[in-house]
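Please look over the model below before reading on. My points follow it.

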Amino acid sequence: MSSVSLDHYYYLASDLEEERIKGASSLLKELVEADNQKDYDYALNRLIKGLSSERASSRVGFSLALSELIVLLIGRGDITVESYLNELYKVLEKVAPNKHGKIDKQTLFGKLFGIQALLNSKIVKNDDYSTLKMILRRLLKLSSTKPWLRETCFSTICSLLVQYDLVKDFEIINYLLSTLLENKVILSLEGILVHLTIPWKARSKLVLSTDAYKQNGDQLWSQGNPLMAKNLPQLSLVLRQGAVDEDQKGKQRGWTPNLHTVWILIIDELINTSIDEPPKKKKKSKERAADKEERLTLERFWAPIIDENFFSSDSSSQKKYWGFSVLLAILEHKDLKPSHVRFLFSPNLMANLIHQSANNDRQLNKMARKVLARICEICKEAEFVVPTLKTLLRHNVKFDRMSKTKTISTIIDNSDGFVIDEVTEFIINWANTLQPDYANFLQDYLSILDQLLHFVRDKKGSLSSTNITWVQNIVDHLIKVSFFKVPNTQEFEAISNTAYERLISILSEVLSQPPTDGSSWPTYIVNKLVDLEKNSGLQLRHSLDDELEQFKTEGLEILSTLEEQLKDISDEKKAIHIVCFQILYSLAILNVFAGDADSINMIQDISTAYDKMVSNEERVGVEILVEIIVSFVSQDSSLMKKLALVVWEHIVNEVELPHLQSLFDILKVQENQEGKEKLFDNKNEEVEDDDDDEGEGEDGDDNENGEEDREGVKGEVSIDEIDKKTNEALAKVLGLSSKVAEQHETNSGQNSSYEEDSEDVSMDDEQMMAIDATLANIFKERQHALISQGNGKKKQQKQDKDTVVFLKGRILDMLDTFVSKRSTDLLNVEIVMPLLNLMARTNTLQLGEKAHKLLKTKVCRARIEVKLSDEQIFDLKRTLDQIQRFASKSTIKAVSNGCNQSSIFIVKTLLSGSPDPDVLIEDILKIYTMSLLNWYRTPGNKTQPGMFFDLINWLYSKKR
């Protein structure tokens, strides 16, 4: 019985590396200790058989033990290299006598792993050429058995050359190349692999001296180096087809997702060509003639081989996959340089990259996204950012939009402001070089404007006084394109309009970070406009009429006056007012330059407020400023809103209850046409006066009915017009006179007159059948007109509602700013009831949620630090009672929750500001007790129990 445990063979097939190593060492240890020839023979046979196993890790473990066993047996003199190889083939062919199917595949791999085990044992000497040639001969023969085994066999051959330091050995290289030529493999992927295994410095001299090149050098690789410029056509053919020889093409491996091993050597040598190439020395004339050829560089290689081959329009998806794999391998190379980026992102490759990444359903989408992710990764190194952005944007300035990714945005997010300076300068210069006669001039210019806006939006979070210059550069360019004729072509009209929109959008994004001169952005733009108008010789795009020119001049004079006043003023409050008026005047003048006639009214309103301020009527001045701010936020412009909020922030510390009340009044109006007219048309007072005059002596209900009647009359007039047109059309078809149609229209209840006049034109059945289709069309048109009238009315009602809701939302933004800036002010209490009323009355869900969020997260969390007077305590207790009465009628859960939160807020304010909180708590509990009794006694009371639980929980927390 053998003393060597068979369990070791089981561990050799384990998926765990530790177990395989342990099994191999234990097996060899026991074999040496037993020193039994039968055990050695069994081990050799068993290990060889294990090489053909289908288990995933079996070949790895068994070949590991086999390498050590070979050293042991050859050292004992039991076997030689040749006898081992014979035994290897003999055992494996007995295991798989059938040369077809699955078993045959395992046998071939077993032979390859057996040879690799021999090489790993390093038992063969470097100068044992006969043995080395024998191994090479077996590997070459093995490579010809199956196409899928060919690459692996040649990889083993090249590993042998490197491992045994034979890459410069003439005898081995000569034998190998001669064999390749004989087998017609020298002009194939595997042939290139063998050539590139030889160091490039020794390659040409060594290869050209071999028998294969001496006899057939003109038909093989020029200079014995596939990566010479002269070999480019032949190299392109081999990399595309696998081989030049027709017989060898069919013996190439099928498609696999992994690149051929040769690509690793090609990429490595191309990238390092400029690094490894020695300085050129002066050569004799003959040497210069023979050395006219140059080595390929990555740039010269890329376009004809990769871009035009792998990414051409007729390339298969498999070829494009390999192309992306080559690009990934280069992008992951340790010696990649920023200068390589310029030509790597070539036209065909970029077109495929954008196309594939834009849709998840496309075959190569994951691969394209992987490439883009790697591009973002390399751009974390600052030196790659600018060349990468320039190359991507030059190919397609709408890269992110077309590829439906955030590649450009991600690169920008990971870069600093100094890099963006260079990129924006590049894009602006690119825009300036575009010529109107260029085919895609308009499309590219508009895309550039969009990209500039994206830059600002992507980096606005990191803007500071030290990296704002690139934004100014963008703004300067947009000012010139927006307001001046540069040049005045039809395309530039569209460009100017878009540039102005982008300028406004950029201003709304960067208002919080002033330009380098310390002014506001509107003031900066106005100063820039005035300077360009005077000194650049450019003509304004919008010619101003006399009235606009006058207002522009007056506005600039006032702006100049304000600037002078700001330098000398010492009163901080007045200085804030001046800054506010600077911003407002600048915006108004900006609109004048844009040719906006409405800017006249804006300047007049601002001037009125300014006059009040000059007259030292500060309170009135603030009131008018608030009105101007409301008029600004009511406009559907993000810039107007943000500018208004900037001014609001400047004056918010001067705002008092009457000013807030004007905002509360807006929140009260109905969300319909009447509410819109009250807010915007100022017609409500006139309508009420007319109603009082006409309805004198009538009660209020009759007055309301009168308004409804007038609305009904408007609707009837419209319907009467439709009926009139219908009757006229009927009269024409029926042959009636227009008088009869008119008489029928005015006397629709007196049919006798109509019938009397229409006796002469009575029709028989055939005549009626003839006009039947025409009559049907007339009535269809009437029905369509009535439906259109109804749809138009509904559309108008929706527009009116949206307008009011929009303004209310902006008012909530203003109140949000107020609470944030004055969180300790007692005026926050005044905001509670208007918000609760808005939540209860609005039928717009988003507006109600916004009001509740403001109440819950801002107002009710304000910590009011005021010592309360008796009058203020009385008012707060009344407010608390009012909130609880309001809660008893609320049917909306959000309103009930708001009442609960507001009640606790009032209680906190009372107790924190009261000089005697222990006495005041009794009054508070009385209010809550009265509410509790009403809740219990009144079946219709809607107060939520949480109202009382919240108070108890809060008191409990304070008690502890």
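The notes go from the whole chain to single residues.

1. Ground rules. This is a predicted model: local features need pLDDT of at least 70, side-chain atom pairs count only at pLDDT 80 or more, and totals for chains, interfaces and linings use all residues. Residues are numbered from 1 along each chain as its sequence is written, and side-chain values use heavy atoms, leaving out hydrogens and water.

2. Overall make-up. The protein has 49 helices and 0 strands. Both are DSSP runs numbered from the N terminus: helices are H or I with at least four residues, strands E with at least two.

3. Of the 960 residues, 46% are buried (under 20% relative accessible area; exposed is over 50%, partly exposed in between; 1.4 Å probe, protein chains only). Take contacts (heavy atoms within 4.5 Å) between residues at least 6 apart in sequence: 72% join residues at least 24 apart.

4. E17 belongs to helix α2, residues 17–34. D35 sits in the loop between α2 and α3 (37–50). Its phi is near 50 degrees, positive in a residue other than glycine. D35 is partly exposed, at 47% relative accessible area.

5. Which loop holds Q223? The one between α12 (211–216) and α13 (232–241). Q223 is not a glycine, yet its phi is positive, about 60 degrees. Its relative accessibility is 25%, which counts as partly exposed.
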